[in-house]
Amino acid sequence: MIGGLFIYNHKGEVLISRVYRDDIGSQAADSAVFSSSGPFLGERLGGSVRRNAVDAFRVNVIHARQQVRSPVTNIARTSFFHVKRSNIWLAAVTKQNVNAAMVFEFLYKMCDVMAAYFGKISEENIKNNFVLIYELLDEILDFGYPQNSETGALKTFITQQGIKSQTKEEQSQITSQVTGQIGWRREGIKYRRNELFLDVLESVNLLMSPQGQVLSAHVSGRVVMKSYLSGMPECKFGMNDKIVIEKQGKGTADETSKSGKQSIAIDDCTFHQCVRLSKFDSERSISFIPPDGEFELMRYRTTKDIILPFRVIPLVREVGRTKLEVKVVIKSNFKPSLLAQKIEVRIPTPLNTSGVQVICMKGKAKYKASENAIVWKIKRMAGMKESQISAEIELLPTNDKKKWARPPISMNFEVPFAPSGLKVRYLKVFEPKLNYSDHDVIKWVRYIGRSGIYETRC
Amino acid sequence: MPYLGSEDVVKELKKALCNPHIQGDRLRYRNVIQRVIRYMTQGLDMSGVFMEMVKASATVDIVQKKLVYLYMCTYAPLKPDLALLAINTLCKDCSDPNPMVRGLALRSMCSLRMPGVQEYIQQPILNGLRDKASYVRRVAVLGCAKMHNLHGDSEVDGALVNELYSLLRDQDPIVVVNCLRSLEEILKQEGGVVINKPIAHHLLNRMSKLDQWGQAEVLNFLLRYQPRSEEELFDILNLLDSFLKSSSPGVVMGATKLFLILAKKFPHVQTDVLVRVKGPLLAACSSESRELCFVALCHVRQILHSLPGHFSSHYKKFFCSYSEPHYIKLQKVEVLCELVNDENVQQVLEELRGYCTDVSADFAQAAIFAIGGIARTYTDQCVQILTELLGLRQEHITTVVVQTFRDLVWLCPQCTEAVCQALPGCEENIQDSEGKQALIWLLGVHGERIPNAPYVLEDFVENVKSETFPAVKMELLTALLRLFLSRPAECQDMLGRLLYYCIEEEKDMAVRDRGLFYYRLLLVGIDEVKRILCSPKSDPTLGLLEDPAERPVNSWASDFNTLVPVYGKAHWATISKCQGAERCGPELPKTSSFAASGPLIPEDNKEREQEFPDSGALMLVPNRQLTAEYFEKTWLSLKVAHQQVLPWRGEFHPDTLQMALQVVNIQTIAMSRAGTRPWKAYLSAQDDTGCLFLIELLLEPENSEMQISVKQNEARTETLNSFISVLETVIGTIEEIKS
């Protein structure tokens, strides 16, 4: 149970504060981190509860000198669960012994809901939408207990315009939405054009040793679906999951060997609430009635046979005590017809760097003194290509005996395929009551692979 | 900050709110109200415009209504008389045709924290419970809990509880979950909502319809349910199996906990469950949501305590990435340290060695300590790595390495030789107190193996005047005296100088005392010094104490998925201890009213009642004074039914205890006077079925414990257990009040 929710900016000023339970803060008050300013009545009663918890958090976490030691901070026996989004802090406060995972999930959900309403979570957006946020906080938490938090359902009765004049029909619809047996979809949805979009979004993570040995690699992926379908459609989703393909291929041996190569082993996967898990367990088929609009159908993780889109080969040579020569080669490792985008290589430099000369074959490279790194950006790069950068780094002589720790070279990119090798084989739609068939539905599939933490040590 | 000049702001806003032109223009009106709320958020006192805000609540604009209600909920306790004016509007809204308006009004009304509001909200809540819109029912159900909270200590309303129990069958999933939450709060005194077989099965069937918050909550409530037979237990486990693979980590953890607790008598099932959640947990550990990842890592550590090899083959998952936040790195290092085995030790050490030179001194030190931990099993490799680290000659590394060496030499004497060879030269790179102490201790205890030990110590003696830490000086005294025993010729002179300094010039009393003590000890004779100072130089058996052997799963299962693994057991104990003391405060819990509330239990609950007529229903009869003779006779004729030891520290007031026991209807037959050692007391109590309890309390002077022996004239474990829990609560409370 959550006692209160606060949103701060990076200076520690409170942008939003909503207190659900009285118990929080009464002890934080004892800690007297910030004495509440006396003359104001509001500070003394209801206000003091909140203010002290608020101030305690600012002093102990946002303004703390050291790095954050834990996302759960205990101040005067009150637990603060905090999450940072760009430079905004969200904190859930409680005095109870709660499930930490649940509280964080709730905060993430809160962020998702806010993002669905007004996009990026930034100070400006929060200030501009603060009425809306209070409205949302009112709906998704009551007395500190999470209530309905589905964006789809919320959007039917909290609209950005605020005032929504409701006809009788709409009203009853909302009620049925809010009550509905299937919580995620209401009856009677109609579209002129039945369309659906499937996005396979993956983030590939890599940790590589200087010798080019993969220390750890994994892909965490999501299949996001946007559905604009009429009625109550039954959907069936198929992908090149190894287990399914092996099961089907049992009859024809040669097909197994043919498709076996392209199938992938999924370490573990989880589904949206709408997927019938019993069917997945027994037949490993994914069937569901989708919510209207955008939702995350499944989330998965793979660790085997990952296609690493880029290979980074670093070469660092120390020439004397005042010079460093760095050469980095990147190789793209995918079909030549595909194009990778937004490539950025970040080569860390020592703290005592005085000057840098960079030569790169492609793209633009710049030494950013404030970030202690050379940032090399390439707009586009086709597959099976290679590019290199070489830099001479001048160092100031220091008497600091500390050896430079050589942080790893990190990389960012976006590629139009799934590094895990996942392929959507089909997505069938059946709607028994309305007369449209699977063929009438327009389907779009898109694959995007992004870099997660993609590091090569040097 | 807007703390200043608030009066002007209030005045201005007041004017704006009263302005008929603004009131006429919906948008402008709302803007002014928004400003009020904004100032309120910033901490400005806005109670001055209460009257005007109440007026603003009479509008058709829902958003405006919401804002005004938010404002009222904040300031109502300050202006109860004015708030009553708003009640009228709220009551009217409670019968609005629009369910959203009804729900909003009801929710706001229940959140007005002011005295006297109960009488107004009772009827709307009851209406709300029977509303046809589930949105209103959800609000009304939680409203019951809010109302109960307002009353504080008031009686539980039986009819209301019955109504809530029957709403557990509501078709809306959120209403169901809210009912559980609400009942839990209302029945807190009686131990929370009762989960009997029909309710448990009903909840199990509804599980898949709930959202993730509901699922997590219900899993938590189900912990309370005890399946009757093994068959039922396994049915439940099968039913809940899919939740181990839920997309929400919170639900996964909740399900895991439930499995571990339900299967507490089947260790192989527990192990199997932990194997099955390995995947989801690992996924959470490498997820992008860092905070969740942190929580998952904390739980992985918890599991490793019982199953050390559980994650060993996945050790690479716990390698740190450069850009991860500090708290995740620290957790990962701890995990790595715990999952090391023969196969991966090489790679893990290689990895940890890399962290030791990290830019963040904190992280580097954590990594070095981790290597020190691994060194207890894989001594040679680790000592070699640590020795190499000394070569870097960096202050923050050297000091931690030396501290690690100190602990290591004590636990693994076989590495003494290697450590002694590595030490020379370290003294140049140590500045902090902890590091110096460790180095000096090593030089003192193993000085005979380190050729230049006396010279290093001599440097310290030379600079003792400028030394800032008294602890270092103390350590230096002891070390030098020890070294003097093995290498007298080299040390005699400087020992004299040091003792002179400590006795004559030192300001710190502890150091001076230590100096004087050693001086007098030396006067007695060298044999006496040897007898006292030549303690053992190592003690490997301590290692067992340091890291206790594998703990059984059951020892932490009840802490799983709470804050305990996140904070660590010790830290949590201090937090919750203080909280407990706060709660119990001056008044004692009304433990004697443990009796289950008969009429409050709904139909489906009756069955359970019949099967276990006395489960939890312990009613002690007041004023059942026994004569001392009768007590003695009965005491001698009975066997001890239960014996237990409770912690007890410090002073003791028999009067307080006697009074406290009286409150729960336990009579004192006889007790020793205060301060007597050992202290004894004889107590008696009788419940409504005539079962007699005789108790002996024994407080031994040497150990800080209270021993309790209970005898019973009828052997009934059920009542015995509830009686003991009453007794424990009372004694625990007294203990807490005292401390």
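A salt bridge here is a side-chain nitrogen of Lys or Arg within 4 Å of a carboxyl oxygen of Asp or Glu. By that rule, R69(A) and D362(B) make one, with their closest N and O atoms 3.2 Å apart. Keep in mind that you are looking at a predicted model, in which local features need pLDDT of at least 70, side-chain atom pairs count only at pLDDT 80 or more, and totals for chains, interfaces and linings use all residues. Residues are numbered from 1 along each chain as its sequence is written, chains are lettered from A and ligands numbered from 1 in the order in which they are written, and side-chain values use heavy atoms, with hydrogens and water left out.

**Where chains A and B meet**

- Chain B puts 105 residues into the contact and chain A puts in 97, contact meaning heavy atoms within 4.5 Å.
- Together the two chains bury about 8,400 Å², with 55% of it on carbon and sulfur atoms; buried area is the accessible area (1.4 Å probe) that two parts lose on being put together, summed over both.
- The rule finds 7 salt bridges across this interface.
- There are also 29 residue pairs in polar contact between chain B and chain A, both residues being at pLDDT 80 or more. A polar contact is a pair of N or O atoms within 3.5 Å; within protein, one must be able to donate a hydrogen and the other to accept it, and residues adjacent in sequence count only if both atoms are side-chain atoms.
- For the complex, the predictor gives an ipTM of 0.73 and a pTM of 0.70.

**Salt bridges overall**

- Searching the whole structure turns up 52 salt bridges over all chains.
- One of them pairs K127(A) with E123(A), the closest N and O atoms being 3.1 Å apart.
- Both residues sit in helix α5 (residues 123–128) of chain A, 4 residues apart, or about one turn of the helix. Helices (H or I, at least four residues) and strands (E, at least two) are DSSP runs, numbered from the N terminus.

**Two open sheets in chain A**

- The 9-strand sheet runs β11-β13-β9-β8-β23-β21-β16-β19-β18 with mixed pairing, where two strands pair if DSSP finds at least two bridges between them.
- Its edges are β11 (268–271) and β18 (364–368); each has a single partner strand, so one side of each is left without a neighbour in the sheet.
- Within this sheet, β21 (residues 409–415) and β23 (residues 442–456) pair antiparallel over 4 bridges, and V415(A) has G449(A) in β23(A) as its bridge partner.
- The 3-strand sheet has the order β12-β10-β22, with antiparallel pairing.
- Here β12 (286–288) and β22 (424–430) stand at the edges.
- Strand β10 (residues 234–239) is joined to β12(A) by 3 bridges, and F237(A) stands opposite I286(A).

- Mean pLDDT (the predictor's confidence in each residue, from 0 to 100) is 81 for chain A, where 84% of residues reach 70 or more.
- Chain B has a mean pLDDT of 82, with 89% of its residues at 70 or more.
- Residues 582–616 of chain B stay under 50, though the model has 56 contacts for them beyond four places in sequence.
- Where pLDDT is low, the predicted coordinates should not be read in detail.
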